[in-house]
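Reader: I would like to go through the labels attached to this model and see what each one rests on. Please set the values against the cut-offs.

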Amino acid sequence: MTATRGEQQELARRWRDLLALHARTQCELDRALHHHGLCASDFEVLDVLAEGTGRTGYRVQEIAERVHLSQSALSRLIARLEKDGLVERCLCSEDRRGVRVVLTAKGRALHGRVLPVQRAVLGRMLAG
């Protein structure tokens, strides 16, 4: 079944609204997290790693699938987080070519402090 012109226009409008909401939310997150030395993408990586409590970290490709960054952008971000002492990279025990990323104690503490800030922004931006 082919959508009518009106249905197609409505679909395109909804898509643009979604993109605009994402952009506004990303900007608000960046603004709120900047006070803690993070951007929204930094926090997303810390948040994914924090969710993996009890694990020995995540492989870089597993993180990339969850934070929607290219492998190269994610590698640069992880290098920056590692330089700041928030994460560590280590070789995978099951695959010597792979790399796992884990939160450090400093990264876990920062995540815990910033989590309420990030969730408050999400709650405000995504309400209604």
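Reader: Which residues is L46 in contact with, leaving aside its neighbours within four places in sequence?

Author: This is a predicted model. In it, L46 is in contact with L38, L81, L86, V87, L103, L110 and H111, once neighbours within four places in sequence are left aside. Contact here means heavy atoms within 4.5 Å.

Reader: What makes up the largest nonpolar core, and which element gives the most to it?

Author: The largest nonpolar core has 28 residues. V45, L46, L49, I63, L74 and V87 are those with the most contacts inside it. Two or more residues come from each of α1 (5–34), α2 (40–51), α3 (60–67), α4 (71–83), β3 (99–103) and α5 (105–126). Of these, α2 gives the most, with 7 residues.

Reader: Why are the buried residues of α3 said to lie on the same side?

Author: The buried residues of α3 are V60, I63, A64 and V67. They cover an arc of only 105° around the axis, so they are on the same side of α3. An α-helix has 3.6 residues a turn, so residues three or four places apart point the same way. The cover over the buried residues of α3 includes α2, β1 (58–59), α4 and β3. After α3 comes H68, with a positive phi near 60°.

Reader: Why is L18 called partly exposed?

Author: The relative accessible area of L18 is 49%. Buried means under 20% and exposed over 50%, so a value in between is called partly exposed.

How values were computed:
Residues are numbered from 1 along each chain as its sequence is written. This is a predicted model: local features need pLDDT of at least 70, side-chain atom pairs count only at pLDDT 80 or more; totals for chains, interfaces and linings use all residues. Side-chain values use heavy atoms; hydrogens and water are left out. A nonpolar core is a set of buried Ala, Val, Leu, Ile, Met, Phe, Trp, Tyr and Cys residues joined through side-chain atoms within 4.5 Å. Buried means under 20% relative accessible area, exposed over 50%, partly exposed in between (1.4 Å probe, protein chains only). Helices (H or I, at least four residues) and strands (E, at least two) are DSSP runs, numbered from the N terminus. The arc is that of the directions from the helix axis to the C-beta atoms.
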